[in-house]
Every structure is written in structure tokens, then in C-alpha cells.
Amino acid sequence: MNLIFIGAPGSGKGTQAQILSKEFNIETLSTGDLLRKEVEIKSEIGLIAEDLMRQGKLVDDEIVIEMIKKKISSNNSIKGHIFDGFPRNINQAIMLEQMLTNLGKKIDKVINFDVSEEIIIKRISGRISCRECGSVYNKYYNPTAKEGVCDNCGSNDLYQRVDDNEETVKNRLEVFKKSSAPLIDFYAKKNLLVTIDAFKIVSLIFEDIKQALITT
Ligand code: AMP
């Protein structure tokens with residue numbers, strides 16, 4: 001099963017991907033996470049990506065496509081993927097389709113996380129991530145059981161992303177509207193799109209996604 005999660009920053013894609021990948025035993029591929037790792041180790045890609053990410057701009061298609069290509073062709077035994085934050089524009093979508101076709105695979109469903117800008121800003125300002133395992137929490141809506149400690153791996157290395165500030169979030173929302181929103185139409189025409197009300201609480205959104213995967 002190969003799924004794509006589309007949604008503005010802070011729409012809850014990452015949180016749901018985390019839960020779903022455990023339940024269905026499939027791998028989440030988040031280009032944002034992969035790029036943050038490159039920035040952390042100060043690789044060539046990281047040095048190119050760092051400024052763009054800080055400003056909320058998209059990193060070049062060639063870079064992210066190459067990262068995804070490496071990941072999906074490296075382990076054929078994996079049952080499927082959740083693509084979180086990729087594709088981000090039509091060009092990336094076309095490239096992903098080609099990559100999967102070449103591997104004899106396809107996209108099964110595209111989940112569109114629909115939520116208002118007001119909620120997004122609130123969610124992002126409370127977002128914290130685990131540097132160790134990538135788990136995502138929210139200080140207000142989805143806190144860790146013990147403050148400062150990751151529920152998933154026990155690490156106390158929780159951090160707030162540098163691009164999770166109001167100014168950058170506004171840019172990221174603009175970029176989303178311009179580059180990524182056209183994907184909604186693109187996948188609707190292919191009959192792959194399911195839109196989820198991402199305003200609900202985490203567990204209810206998860207139920208809606210499961211329902212969408214079973215019934216459509
Ligand atoms: P995310 O974690 O998905 O919110 O991504 C954080 C940042 O990484 C974005 O604002 C972009 O700068 C960059 N990024 C992540 N995924 C992509 C992608 N598919 N294409 C281009 N840039 C990306």
C-alpha cells in the first residue's frame with residue numbers, strides 16, 4: 001500500500017503518518033525529516049537546503065526526488081510507504097508516478113488534510129519533535145505523557161523546529177497554496193483523493209483515515 005499525505009504545514013500529516021505506519025507496518029517517508037537530517041550532519045544537500053527551509057521555500061525538485069528514489073528502491077521487502085510532504089508540486093507528483101511504475105508499484109490513495117489557517121498557526125506554535133526518532137507532539141493538543149520525554153523512544157532530546165515561527169509559517173502557507181494545492185485537483189482527477197476533516201482530534205482523524213482506506 002502506497003499512500004500520499006497532502007496538507008498545509010501543521011495540518012497533522014506527520015502525526016497521522018506516525019500512527020498509521022505502526023498500525024499497517026509500512027514506512028513513512030517524510031522529505032522534511034530527510035532534509036532536516038542532512039542539515040544536521042551538514043552534508044552538501046544540507047548546506048543547500050538549510051537557508052531555503054529556514055525561509056519556508058521549497059528545496060529543488062532534483063534533490064528531493066533523488067532522496068525519495070534512493071529510499072524506495074533500496075528496500076523492496078517493505079510493504080508500502082506513506083509519503084509525507086512529498087510530492088509538493090505537480091512536477092514531483094509526475095516523477096513519483098514514474099518511479100513507482102518503474103518498480104511495478106502504484107499510489108493507492110491520497111489523503112488530503114483539510115484544516116483552517118487559524119488552527120494551523122496554533123498547532124505549529126505548540127509543535128515539538130523528538131530528534132532521536134522523529135515523533136511529533138503538540139504542547140497543547142497532543143503532549144508527551146511525561147514533560148520533555150518522548151513517549152515513543154524515551155529520549156529527552158525534544159526540540160522546536162527553526163521554521164516553526166510565525167513569519168516562516170506564513171511563507172510556508174503561501175508556498176503550499178501556490179505549489180501544493182494544485183495537487184488536490186491533480187489527484188482528484190485520478191480518483192485517488194480522499195479529503196479528511198483535519199480539525200478533529202488525533203484519534204478521530206485516524207479513524208476517518210482507516211475508514212477511507214477500507215471503503216473507497
Ligand atoms: P515539512 O517538514 O514537510 O514541513 O518540510 C519542511 C521544509 O523542508 C519545507 O518548508 C521545505 O523547505 C522543505 N521540503 C520538505 N519536503 C519538500 C519537498 N517535497 N520539496 C521541496 N522542499 C521540501
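**Backbone, ligand, pocket**

I went to Pro87 and placed this residue in the loop that runs between β3 (81-84) and α5 (90-102). The model is a predicted one, and I read every value below with that in mind. The peptide bond joining Phe86 and Pro87 is cis, and I noted an omega of about 0°.

Next I checked phi for Lys42. Lys42 is not a glycine, yet its phi is positive, at about 55°. I located Lys42 in the loop between α2 and α3.

I then looked at the chain as a whole. I counted 9 helices and 8 strands in the protein chain. Along the principal axes, the C-alpha atoms fill a box of roughly 45 × 40 × 35 Å. Why call the radius of gyration of the protein chain that of a compact globule? A compact globule of 216 residues would have a radius of gyration near 17 Å, and the protein chain has 16 Å, so the two agree.

I turned to the ligand. Which residues around the ligand come nearest? The ligand has 16 residues around it, and Thr31, Arg36, Lys57, Val59 and Gln92 come nearest. I sorted the shell by class and got 6 nonpolar, 4 polar and 6 charged residues. By element, α2 gives the largest share of the shell, with 4 residues.

A polar backbone atom of Lys57 is 2.5 Å from an oxygen atom of the ligand. For Gln92, I found an N or O atom of the side chain 3.0 Å from a nitrogen atom of the ligand. Arg161 has a polar side-chain atom 3.1 Å from an oxygen atom of the ligand. I also looked up the cover: the ligand taken alone exposes 480 Å², and the protein buries 96% of that area.

My last stop was the second largest pocket. I noted a volume of about 250 Å³ for the second largest pocket. Two elements, α2 (31-40) and α3 (44-55), are those that give two or more residues to its lining. I wrote down the lining residues, among them Arg36, Val39, Glu40, Glu50, Met53 and Arg54. The lining also includes Arg131, Tyr159, Gln160, Arg161, Val162 and Asp163. How does the lining of the second largest pocket divide into nonpolar, polar and charged residues, and how many are there of each? I recorded 4 nonpolar, 1 polar and 7 charged residues for this lining.

I made one cross-check between the two lists. Arg36 is one of the residues nearest the ligand, and Arg36 also lines the second largest pocket. Arg161 makes a polar contact with the ligand and is in the lining of that pocket too.

Technical notes:
Residues are numbered from 1 along each chain as its sequence is written. This is a predicted model: local features need pLDDT of at least 70, side-chain atom pairs count only at pLDDT 80 or more; totals for chains, interfaces and linings use all residues. Side-chain values use heavy atoms; hydrogens and water are left out. On a 1 Å grid over the protein atoms alone, a cavity is a set of points where a 1.4 Å probe fits but cannot get out, and a pocket is an open set with protein on both sides within 12 Å along at least five of seven lines; lining residues have an atom within 4 Å of a point. Grid points are joined across faces, edges and corners, and a volume is the space filled by probe spheres set on the points. Ala, Val, Leu, Ile, Met, Phe, Trp, Tyr, Cys and Pro count as nonpolar, Asp, Glu, Lys and Arg as charged, and the others, Gly among them, as polar. A residue is near a molecule or strand if one of its heavy atoms lies within 4 Å of it. A polar contact is a pair of N or O atoms within 3.5 Å; within protein, one must be able to donate a hydrogen and the other to accept it, and residues adjacent in sequence count only if both atoms are side-chain atoms. Accessible areas come from the Shrake-Rupley method with a 1.4 Å probe; for residues, only the protein chains shown count as cover. The radius of gyration is taken over C-alpha atoms; the globule rule is 2.2 Å times the number of residues to the power 0.38.
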